[in-house]
Amino acid sequence: MTAETVTKQTTGRPPVAERPPGPSLSPSRAADFKTCPLLYRFRSIDRLPERPSLDQVRGTLVHAVLERLFDLPAPERTPGAAGDLVDPQWDELVTREPELAGLFTEQETVDVAEFLGSARRLLDGYFTVEDPRRLEPAERETLISTVVDDELLIRGYIDRLDVAPDGALRVVDYKTGGAPREAFEARALFQLKFYALVLWRTRGVVPKVLRLLYLKDAEICDYAPDADELARFERTLVALWRAIEQATERQDFRPKPSRLCDWCSHQALCPAFGGTPPPFPERVATATIPEQPGRPGSAAEDE
């Protein structure tokens with residue numbers, strides 16, 4: 001699939017689907033359980049609040065700019081135009097989430113101007129690896145979903161989906177951190193395989209390319225899945241969900257220390273760091289929280 005062959009079908013963000021009554025799983029929550037079962041519990045069962053880091057917020061901002069960039073006519077999608085979108089998109093984020101402005105009063109080493117400048121530098125990295133004037137994405141920030149094992153709804157948001165005239169699909173995910181550390185690369189590919197499985201089951205097409213765009217280092221990582229691999233991945237997801245159900249029934253979510261602990265917001269409650277988790281909620285459904293539009297990816301994912 002070349003940039004020139006990509007055709008435009010639909011654009012823009014779809015309406016948010018209401019959460020279904022049955023069990024559901026997003027790539028982020030699935031990856032949480034794989035990374036650390038206790039982290040999954042903190043986020044999906046205890047619903048503990050997490051204050052976003054500057055890295056996470058910067059990622060959200062850059063994603064928003066790249067989404068809006070494709071609203072412009074193709075000849076106008078230039079580095080300057082992308083840079084001009086940074087300030088208004090930041091204003092929009094702060095209007096929706098006023099607490100984001102407080103990040104700069106807590107971290108005196110960084111001011112807003114420097115933060116916005118760092119976002120523009122990441123956009124420069126994007127233009128190093130792609131020319132958006134030659135692309136017409138079929139979909140952006142699209143919610144996709146399917147049911148596996150007759151009951152488990154799996155769903156998430158794709159940053160961008162390109163469709164070639166012959167129907168070939170390319171799933172594109174923007175990463176605002178450096179590339180590619182092994183642990184983070186595996187997590188990112190897990191996320192893209194999740195999307196590829198949903199697309200295969202709903203549209204009958206195995207994506208030709210799963211593409212990670214690392215903006216900080218201006219690098220591309222392409223991966224080509226096949227049907228056999230996605231069938232195995234589906235079985236892996238079902239087994240993962242069974243493990244989550246068992247852990248919930250037993251109220252047994254254990255920590256799994258790793259390098260990713262450096263980015264965890266809950267070390268004070270983690271036994272691996274001398275903490276004590278809160279009491280387990282009395283009534284817990286095993287349905288998990290789906291991805292939301294404008295979600296900040298975890299710092300570990302983006303790094």
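Q: Which residues of helix 1 and helix 8 meet?

A: Ala-30, Phe-33 and Lys-34 of helix 1 meet Leu-240, Ala-243, Ile-244 and Ala-247 of helix 8, where contact means heavy atoms within 4.5 Å. The model is a predicted one, in which local features need pLDDT of at least 70, side-chain atom pairs count only at pLDDT 80 or more, and totals for chains, interfaces and linings use all residues. Residues are numbered from 1 along each chain as its sequence is written, and side-chain values use heavy atoms, with hydrogens and water left out.

Q: Why is helix 1 called roughly perpendicular to helix 8?

A: The axes of helix 1 (residues 27–35) and helix 8 (residues 227–250) come within 11 Å and cross at roughly 70 degrees. Angles under 35 degrees count as roughly parallel, over 145 as roughly antiparallel, 65 to 115 as roughly perpendicular and the rest as oblique, so helix 1 is roughly perpendicular to helix 8. Their crossing is left-handed, and by class their contact has 6 nonpolar, no polar and 1 charged residues; here Ala, Val, Leu, Ile, Met, Phe, Trp, Tyr, Cys and Pro count as nonpolar, Asp, Glu, Lys and Arg as charged, and the others, Gly among them, as polar.

Q: What makes helix 3 oblique to helix 4?

A: Helix 3 (residues 54–69) and helix 4 (residues 79–96) pack with their axes 9 Å apart, at an angle of about 120 degrees, and that angle makes helix 3 oblique to helix 4. Helix 3 passes helix 4 in a right-handed crossing. The contact includes Val-57, Leu-61 and Arg-68 of helix 3, and Leu-85, Trp-90 and Glu-92 of helix 4. Its residues divide into 10 nonpolar, 2 polar and 2 charged.

Q: Why is helix 3 called oblique to helix 6 as well?

A: The axes of helix 3 and helix 6 (residues 112–129) come within 10 Å and cross at roughly 50 degrees, and therefore helix 3 is oblique to helix 6. This crossing is right-handed. Among the residues in contact are Leu-54, Val-62 and Leu-66 of helix 3, and Phe-115, Ser-118 and Tyr-126 of helix 6, and the contact as a whole divides into 14 nonpolar, 1 polar and 1 charged.

Q: How many cavities of 30 Å³ or more are counted, and what lines the second largest cavity?

A: The count comes to 2 cavities of 30 Å³ or more, a cavity being a set of points, on a 1 Å grid over the protein atoms alone, where a 1.4 Å probe fits but cannot get out. The second largest cavity holds about 40 Å³ of space. Its lining (residues with an atom within 4 Å of a point) consists of His-63, Glu-67, Arg-140, Glu-141, Asp-159 and Tyr-174. Helix 3 and strand 2 (139–148) are the elements that give two or more residues to this lining, which by class has 1 nonpolar, 1 polar and 4 charged residues.

Definitions and conventions
Axes are lines fitted to C-alpha atoms, for helices over the stretch in contact, and angles run from 0 to 180 degrees between N-to-C directions. Helices (H or I, at least four residues) and strands (E, at least two) are DSSP runs, numbered from the N terminus. A crossing is left-handed if the near helix is turned anticlockwise from the far one by less than a right angle, and right-handed if clockwise. On a 1 Å grid over the protein atoms alone, a cavity is a set of points where a 1.4 Å probe fits but cannot get out, and a pocket is an open set with protein on both sides within 12 Å along at least five of seven lines; lining residues have an atom within 4 Å of a point. Grid points are joined across faces, edges and corners, and a volume is the space filled by probe spheres set on the points.
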